[in-house]
Amino acid sequence: MPESNAFVGPIAPYGGRLVDRTVTSDERWRLAERAESLTKVRLDGRILSDLYLLSVGAFSPLEGFMDGETYESVVEEMSLPNGLPWTIPVVLPLKGDETTRLGPGDEAALFAPDGELAGILEVSEVFVRDAEREAERVYGTPDTAHPGVAAVTAQGTQCAAGIVHYAYPGDISGFPADHHTPYATRRHFQEAGWESVVAFQTRNPIHRAHEYLQKCALEIVEGLLVHPIVGETKSDDVPAEVRMECYRVLLERYFPDDRVLLSVLPAAMRYAGPREAVFHAIMRRNYGCTHFIVGRDHAGVGDYYGTYDAQRIFDEIDSDALGIRPLNFEHAFYCRLTQQMATSKTSPSNPDQRVFLSGTKLREMLRRGERPPAEFTRPEVANILLEAYRD
C-alpha cells in the first residue's frame, strides 16, 4: 500500500488515512525471533478478528487496541477523544498471568488460537474496563443472555493498549477467494469507475426482501458491495459456508455482474443493534463505500432493540464527520395485492396480504424440512438451505 495520505476509491478512509499495520514475510521472521522472549498473549477468534481488522485498515484511524481514555470516550460519548464518531470498544482483554507481566513500554507476542504468531503489541497502557457499565451503555442491557454482553462478561477486565504489528501467515476468513482487504475493494471500485458504492451488511442468507433493498439502492448508486460477516456469530445463525453458497448463486443469476462485488468481512458480530450499525458503517467507509443500507433491526438480537433504533441513532451522529451516508429502508415483504416486493410506503395491502418470515421462523421451517415460499426466497436459495438443514 502506498505510504502516503493518497487513497484509491470514491471516498477518503475514516480519519483521512487507510491504516496498514501488516508486516512483510521477512519482517515476520524477525518478529517470530523476538516473540520467543516476550510475554505471550493467547487470542480467541473474536480478538484475532479485531487484530486483523485493525491491521488492514478496516478500523482506521485506529492503529492498535484502545487505551483507557479512548475506551471511556467510546463507551460514554460514542466518539474517539478527538471527537470522531465511534460506537464500539476495540480492546485486548488479558487473562491469568498476562495481567501481571505486562506494563507500559513492554511488548507482547500475540498468538492465534491455532498457535501461530499473530502479531506483536507495543504496550502503551494496561487499564481496567468496567464490563457492567460497558454492557449497559454499548449493548443497552446487563443481561448475559444477550450474546454480546455474554462475550464481554466472559473476557478479562484488564486490557492492554497499544500499536500492533500483524504477522499471521494465513487467511482468517475461511473464504480466501472472496476475501478482499479495504485497499483491494477500493482499488476494485476505482478500476470499475464506481464513484458511489453502497454496502449491504448481512449475517443471514439474502432473501427476496434483502434483494429488493439492494436493487433499490442500485438505482441510486453505481456499485454494490455485498459484505457478509463471516467471523464469530451466534450458534443458531446459518453457517457461513451455507450463506456463501446462497450469495454466490443469487448474485450469479439475479444481479448484473458488472455492478456487484461479493467480499467477506471476517469480523465478529457484537449484536449491539444501533451502536453496531454505526460501527458497521464506519468499517464500510474504510472499505471504500459511500452509502450503507440500514434496514429493519440492523445487528439486533431478541427483543433488546426497537425495530428502527438502528436508523434513529444516525440522527445522533455528526453526519459530516461520519461521511458515509445511511440509506434507511422499512421492512420489505412480498405483497400479494400488488404481486411484487414492497414496503408499507409503497403498498396499500393489509398484514394478511404480506409475506415475510423472521430468521427464527425460517430456521424452524427448514428444520422441519419445509420449503420457504417462493415469495420469500429464490428457489435456488431455498434448495441450498433445505439441503444444509437436511444434513
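Modeller: Two strands pair if DSSP finds at least two bridges between them. This model is predicted, so local features need pLDDT of at least 70 and side-chain atom pairs 80 or more, while totals for chains, interfaces and linings use all residues. Residues count from 1 along each chain as its sequence is written, and side-chain values use heavy atoms, without hydrogens or water.

Colleague: Thanks! In what order do the three strands of the open sheet lie?

Modeller: Strands here are DSSP runs of E, at least two residues long. β13 (340-342) and β14 (354-355) are the edge strands, each pairing on one side only. The pairing is antiparallel, and the order is β13-β12-β14.

Colleague: Over how many bridges do β12 and β14 pair?

Modeller: Val355 of β14 stands opposite Tyr334. The sense of the β12 and β14 pairing is antiparallel. The number of bridges between β12 and β14 is two.

Colleague: Which residue in β14 does Tyr334 stand opposite?

Modeller: β14 covers 354-355 and is an edge strand. The residue in β14 that faces Tyr334 is Val355.

Colleague: Now the cysteines: how many disulfides does the structure hold?

Modeller: A disulfide needs two cysteine sulfur atoms within 2.5 Å. For Cys289, the nearest cysteine sulfur belongs to Cys216 and is 18 Å away, and Cys289 is in no disulfide. For the structure, the count of disulfides is zero.

Colleague: Is Cys289 buried or exposed?

Modeller: Buried means under 20% relative accessible area, exposed over 50%, and partly exposed in between (1.4 Å probe, protein chains only). Cys246 has 0% relative accessibility, so Cys246 counts as buried. The relative accessible area of Cys289 is 0%, so Cys289 is buried.

How values were computed: Helix = DSSP H or I, 4+ residues; strand = E, 2+ residues; numbered from the N terminus.
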